[in-house]
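At each stop, please look before you read on.

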Amino acid sequence: MTALNKAKQRSTSPVPIARAMAVSANGNLQLAKNDKQMFFETIVAAFYGKDDMNTFHANNMNNVQSTLKALVDANAFDFIANTIVFATKIGMRTFPLVATVLFAKELFIQKKQFVNLKLLVTKVITRADSLTELYAYALQIFGNKNSIPLAIKKGVAAATNNFDEYQFGKYNRNNGLSFKDLLRIVHPVPKDSNQSEIFSKIMTDTLATPYTWETELSANGQLKNDKKSSSQLWSDLILSGRVGYMALLRNLRNIQDAGITAGALDSLTHQLTDDAKVAKSKQFPFAFINAYENLTSPVYRNIVTTALNKSVNNIPTLGKNVLIVLDHSGSMGDFAVKAPLHTSCVFAAMLQLAYKDKANVKTIVFSTAAKEVVLTGHDVIKSASQLAGSMNSGSTAFNTAVDLANNIMPNPDVVYVLSDGDINPMKATWAGYKLSRDLWKNAFRVCFNFKSAESTPFGVTDGWTYLGGFSDKVFRYLDMNKDALSLIELMHVPFGM
């Protein structure tokens, strides 16, 4: 990513330029998003870090397909590829695979070639099971193996050399397209004798089965005699200490329902709440929020809450004067789980709690009016509820938030705006570029937009980092690029650098 980390060029005497305009959902004039911005926002729109086809709703798929068509037509191949790889690097896996195949399909339809398509395929395959998932989706989109572009076949074949026997053994499943099927189709050339032996074991069904919670569950399920109960199985797995932190977190509902032993529960509590283990996990709060919302037992919820409140320390501090602006308008919905308002309140709460001992943090909540909210205590869930109850929903009078910010923090160095992007008109001086360009212009400005609308008050060409959804792993990239161009601008470098 070094090639992408270019110094931000700030204009000392900005000149107003003509901007394409569009009407927002609430009938106000805003900047129109171009195809690149729409594509970027859609590809990185993963709320709560979720990344699967069930959360990638029809509107998102339509956005991907329509913007891909326009971008391929404009030969913006490097931008497309960089955006897809960026989504991979912030921790998403399914969407990049889907977008890569759809990109290849659009190239086929328009009878064009992207010379680095093979490289793109290898870059988005980050786990052994991604090999079969990408190729299976390509079979679905192209209809049959003979129609799949050679670059996809070669890319998948090359990527098979990136995984060892443990990784192949972990994901060696017989449902759908298997590794054996894949090797018969793409005919990979092993990079050395060790890889050749691994391919031979795949073809002869002699791969070693690694000890993982998945393989232990699978093996137990296939037993006819001496099968362990769910309680015994999960108790043994937990006490073994060989189940990873995230695996424990993601399986808490199963563990709760299994009814593990008291000794296993003590071990589980230590493994999830120990200060050093929480820090080592490098997990951000939304991973714990996901687990919490799937649980029903107060005992297990207390375990997760303890770990959650410690996990805010894993969030990097991007500045000393941090401004958080939270949209509480009616279009953000209510405080229901996964609604934009809920996501925003949790995000704002964890930011304020993470930074309160490290930076000067101000949180402004606005709808028809605006107010500063100072959180009490150190509990993310309770703090999110406090933010949600801090005012009634109303219109989207963003100007009230700006006026208040100018009083309580006139010169922030980091700004987070959490909104659906449809704001009321600002002032008579609003000229299509002034709000976006001049507002907090010396700050690192990030806008999390919870609606893939066609208009925006904040332009990416004005230095705003604009994200169409939320994946908590994006913090690592915000930290890396806070002194660089906006993320979408970084997608314009030649692919592969």
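Begin by selecting Leu 272, whose relative accessibility is 1%, and because buried means under 20%, this residue counts as buried. Bear in mind, as you look, that the model is a predicted one. Leu 272 belongs to helix α15, which covers residues 262-273.

Which residues are in contact with Leu 272, once its neighbours within four places in sequence are left aside? Select Tyr 245, Leu 248, Leu 249, Leu 252, Val 278, Ile 303 and Ala 307, and you will have the residues in contact with it on that condition. Now keep Leu 272 and Ala 307 on the screen: they are 35 residues apart in sequence, yet from C-alpha to C-alpha they are 6.3 Å apart in space.

Next, select Asn 251, which you will find in the loop between α13 (245-250) and α14 (252-258). Is this residue buried or exposed? With a relative accessibility of 5%, Asn 251 counts as buried. If you again leave aside the neighbours within four places in sequence, Asn 251 is in contact with Trp 213 and Trp 234.

For the last stop, select helix α17, residues 285-293, which is largely enclosed by the rest of the structure because eight of its nine residues are buried. The buried residues of this helix are Pro 285, Phe 286, Ala 287, Phe 288, Ile 289, Asn 290, Ala 291 and Tyr 292.

Terms used
Residues are numbered from 1 along each chain as its sequence is written. This is a predicted model: local features need pLDDT of at least 70, side-chain atom pairs count only at pLDDT 80 or more; totals for chains, interfaces and linings use all residues. Side-chain values use heavy atoms; hydrogens and water are left out. Helices (H or I, at least four residues) and strands (E, at least two) are DSSP runs, numbered from the N terminus. Buried means under 20% relative accessible area, exposed over 50%, partly exposed in between (1.4 Å probe, protein chains only). Contact means heavy atoms within 4.5 Å.
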